[in-house]
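Please look over the sequence and the model first.

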Amino acid sequence: GVLGRTLALGATVTVITLILGYPLAYHLARTRSKWKGLLYTFVLSPLLVGLVVRTFGWIVILANNGIANQTMKWLGLVDNTVHLQDNFLGVGIALVHVFLPFVVLPLLGNIQAINPEIEAAARSLGASRFKTFIRVTLPLSMPGIQAGTILVFVLSISAYVTPAMLGGARVTTMSVLVVQFLVDTFRWPAGAALALILAVTAIVSVGLYITLTRKI
């Protein structure tokens, strides 16, 4: 159950970061706006703060009496407190924030390497914007997608600080369980076995993912 929850968390965070990161990376790769440098700073901002400090910031935001709940009540979106902490949702939000740059940066370099004239040629031959993206841009950016999603998935399933601080006792991932066995109960053989299972599962998952996406 813990292994399944960990993989589900990693897959969810990976998909959300890809959905959010791809448009952002594409915009950064193609824009000529004078605000481009500021956008780069926003993308990199999660990496400029320590992990523990960043997680404490999310605790302040997601707490039952935190900024998010107070804002939603002030806007009239909710009447009762929404539990955003000590659950899967809160951990997922924090991990998406932390690992979004790991999707954007590989995609940014990959999309910048795609000649815009290829997309223009597809448009001139009658392809719509959507068809150009599906048939031209997306396949050419697949190496960046693979690199970014693999990084986020592996980092998500092995994350410890964020699930431990935001998940509480309700969200136990493999990393949290390994630390509990090693530090709290001193069950070193069990902790080592779980760590090995997590590592093997990550390797197998990444191998299957590369095999499936290689044909795209």
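## Overall chain

The model is predicted. The protein chain has eleven helices and zero strands. Along the sequence, the pattern reads α-α-α-α-α-α-α-α-α-α-α. The C-alpha trace spans about 65 × 45 × 30 Å along its principal axes.

The protein chain holds 216 residues, and 37% of them are buried. Take the contacts in the chain with a separation of 6 or more: 71% of them come from residues 24 or more positions apart.

## Helices H8 and H11

Two packed helices are described by the angle between their axes and the distance between the axes. H8 covers residues 142-157, and H11 covers residues 188-213. Their packing angle is about 160°, and their axes lie 11 Å apart. An angle over 145 degrees counts as roughly antiparallel, so H8 and H11 are roughly antiparallel to each other. H8 passes H11 in a right-handed crossing.

From H8, the contact draws on Met142, Ile145, Gln146, Thr149, Ile150, Phe153, Val154 and Ile157. From H11, Leu198, Ala202, Ser205, Val206, Tyr209, Ile210 and Thr213 take part. By class, the contact of H8 with H11 has eleven nonpolar, four polar and no charged residues.

## Thr213 in H11

Thr213 sits in helix H11. Is Thr213 buried or exposed? The relative accessible area of Thr213 is 9%. Buried means under 20%, so Thr213 is buried.

Which residues does Thr213 touch, not counting residues up to four places away in sequence? They are Met142 and Gln146. The side chains of Thr213 and Gln146 are joined by a polar contact of 2.6 Å. A polar atom of the Thr213 side chain also lies 3.4 Å from the backbone oxygen of Ile210.

## Helices H6 and H7

H6 spans residues 116-124 and H7 spans residues 129-140. They pack at an angle of about 145°, with their axes 10 Å apart. The crossing of H6 and H7 is right-handed.

On the H6 side, the residues are Ile118, Glu119, Ala122 and Arg123. On the H7 side, they are Arg129, Thr132, Val136, Thr137 and Leu140. The contact of H6 with H7 counts four nonpolar, two polar and three charged residues.

## Thr132 in H7

Thr132 belongs to helix H7. Its relative accessible area is 5%. With the cut-off for buried at under 20%, Thr132 is therefore buried.

Leaving out residues up to four places away in sequence, Thr132 touches Glu119, Ala122, Arg123, Ala127 and Thr137. Among them, Glu119, Ala122 and Arg123 are part of the H6 side of the contact with H7. How far apart are Thr132 and Ala122 in space, C-alpha to C-alpha? The distance is 6.1 Å, and the two are ten residues apart in sequence. A polar atom of the Thr132 side chain lies 2.8 Å from the backbone oxygen of Ser128.

Note on methods:
Residues are numbered from 1 along each chain as its sequence is written. This is a predicted model: local features need pLDDT of at least 70, side-chain atom pairs count only at pLDDT 80 or more; totals for chains, interfaces and linings use all residues. Side-chain values use heavy atoms; hydrogens and water are left out. Axes are lines fitted to C-alpha atoms, for helices over the stretch in contact, and angles run from 0 to 180 degrees between N-to-C directions. Helices (H or I, at least four residues) and strands (E, at least two) are DSSP runs, numbered from the N terminus. Angles under 35 degrees count as roughly parallel, over 145 as roughly antiparallel, 65 to 115 as roughly perpendicular and the rest as oblique. A crossing is left-handed if the near helix is turned anticlockwise from the far one by less than a right angle, and right-handed if clockwise. Contact means heavy atoms within 4.5 Å. Ala, Val, Leu, Ile, Met, Phe, Trp, Tyr, Cys and Pro count as nonpolar, Asp, Glu, Lys and Arg as charged, and the others, Gly among them, as polar. Buried means under 20% relative accessible area, exposed over 50%, partly exposed in between (1.4 Å probe, protein chains only). A polar contact is a pair of N or O atoms within 3.5 Å; within protein, one must be able to donate a hydrogen and the other to accept it, and residues adjacent in sequence count only if both atoms are side-chain atoms.
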